[in-house]
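Here is a brief report on one structure. Sequence and coordinates come first, then the notes.

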Amino acid sequence: MERHNRRKRRGSWIFILVLLIILLLIGGGAYALRDLFLPQREEATTSLSSNQPTKTSEENGYVPEEKAPAATGSMEVTEDTGEAGWVKVPSSEKLDKFTDLSVNNITIYRINNPEVLKTVTNLSDQRVTMDELVAKYPNSLIMNASGFNMETGVIAGFQINNGELIRDWRSTDSLQYAFVINKDGSCKIYDSRTPASEIIANGGQQSYDFGSAVIRDGLVQPSDGSVDWKIHTFIANDKKNNLYAILSDTNAGYGNIMNAVSNLGLENMLLLDGGGSSQLSVNGQVIVASQDSRPVPDYIVMK
């Protein structure tokens, strides 16, 4: 009787083992064949993700991209503007030349009554390193400025230096922006609906271009998503015409950046080239180093 029971139990274990093997084979086969029956799943998910609208600063809100034909071809482009000249940017108050106002991983320097130089003067590859410029202008604040083509080194966006046009607005319906310093030292953000000839007739001496206007004419603009969690660089001026060099660290985010500048009384603030191009030096000391010691063609130098 006991032998019979042992045989019975042994048979049950064999049956369970065979059943488990069959179930494993079925499951493994189904997993191996999943791509045959579901070939589009991953591709569809990626497509949906990339087509999401861009969030604004408003809760649950979205802002459509502004569309307006760029006012191009209003004047001839200059092949070379010659040696870069300095423009005095006067403020209505007298403060220290450079003041560190950095907070919460946001590097902020206020620059009072400086002379300003824009380094790029033509469309050739004019890339130089921060070390080279520090050696040339040791008692200055130097920050990377406009974007450029990483392969050719050619400057991008709307570019003026010495009051002459280097590069016009791009021929597109997407609205573009540039931070302009006028001959009298006043500052203004223009968009691509204003032709270059008018900007220069109004006194435009230098322009810096890459991204969106974050603050314009004293008003915070709706976020278009371009200021995100990456490293960003900004140029700004306040209501008393002090200039500001602003760089955000990785993961600072739009909210932290805007909170950090909220009490500065900024009149204009424009997004410049960021990522590995972001770099800043003050009086010969590198405050924010490029992640890859990247040479760039366009710097703003303030002394």
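Where is Arg294 found? Arg294 is found in the loop between β17 (285–288) and β18 (299–302).

## Basis

This is a predicted model: local features need pLDDT of at least 70, side-chain atom pairs count only at pLDDT 80 or more, and totals for chains, interfaces and linings use all residues. Residues are numbered from 1 along each chain as its sequence is written, and side-chain values use heavy atoms, with hydrogens and water left out.

Helices (H or I, at least four residues) and strands (E, at least two) are DSSP runs, numbered from the N terminus.

## Arg294

Arg294 is buried, with a relative accessible area of 17%. Buried means under 20% relative accessible area, with a 1.4 Å probe and protein chains only. A polar contact of 2.9 Å joins its side chain to that of Asp292. Such a contact is a pair of N or O atoms within 3.5 Å; within protein, one must be able to donate a hydrogen and the other to accept it, and residues adjacent in sequence count only if both atoms are side-chain atoms.

Not counting residues up to four places away in sequence, Arg294 touches Phe148, Met150, Gly276, Ser277, Gln279 and Tyr299. Contact means heavy atoms within 4.5 Å.

## Gly204

Strand β10 (residues 204–208) holds Gly204. Gly204 is buried, at a relative accessible area of 2%. Beyond four places in sequence, Gly204 touches Ile160, Gly163, Val180, Ile181, Asn182 and Ile199. Lys188 is 16 residues from Gly204 in sequence and 9.1 Å away in space, C-alpha to C-alpha.

## Nonpolar cores

A nonpolar core is a set of buried Ala, Val, Leu, Ile, Met, Phe, Trp, Tyr and Cys residues joined through side-chain atoms within 4.5 Å. The largest has 28 residues, and Leu141 and Phe179 have the most contacts inside it. Elements giving two or more residues to this core include β3, β5 (141–144), β8 (177–182) and β9 (187–191). Apart from it lies another core, of 19 residues, among them Val227, Tyr244, Tyr254 and Ile257.

Leu141 touches residues including Phe98, Tyr109, Ile111 and Ala245, not counting those up to four places away in sequence.

## Helix α6

In helix α6 (residues 253–261), the buried residues are Gly253, Tyr254, Ile257, Met258, Ala260 and Val261. They pack against β3 (106–111), β11 (213–216), β12 (219–220), β13 (232–238), β14 (243–248) and β15 (266–272). An α-helix has 3.6 residues a turn, so residues three or four places apart point the same way.

Note on methods:
Buried < 20%, exposed > 50% of the residue type's maximum accessible area, 1.4 Å probe, protein only.
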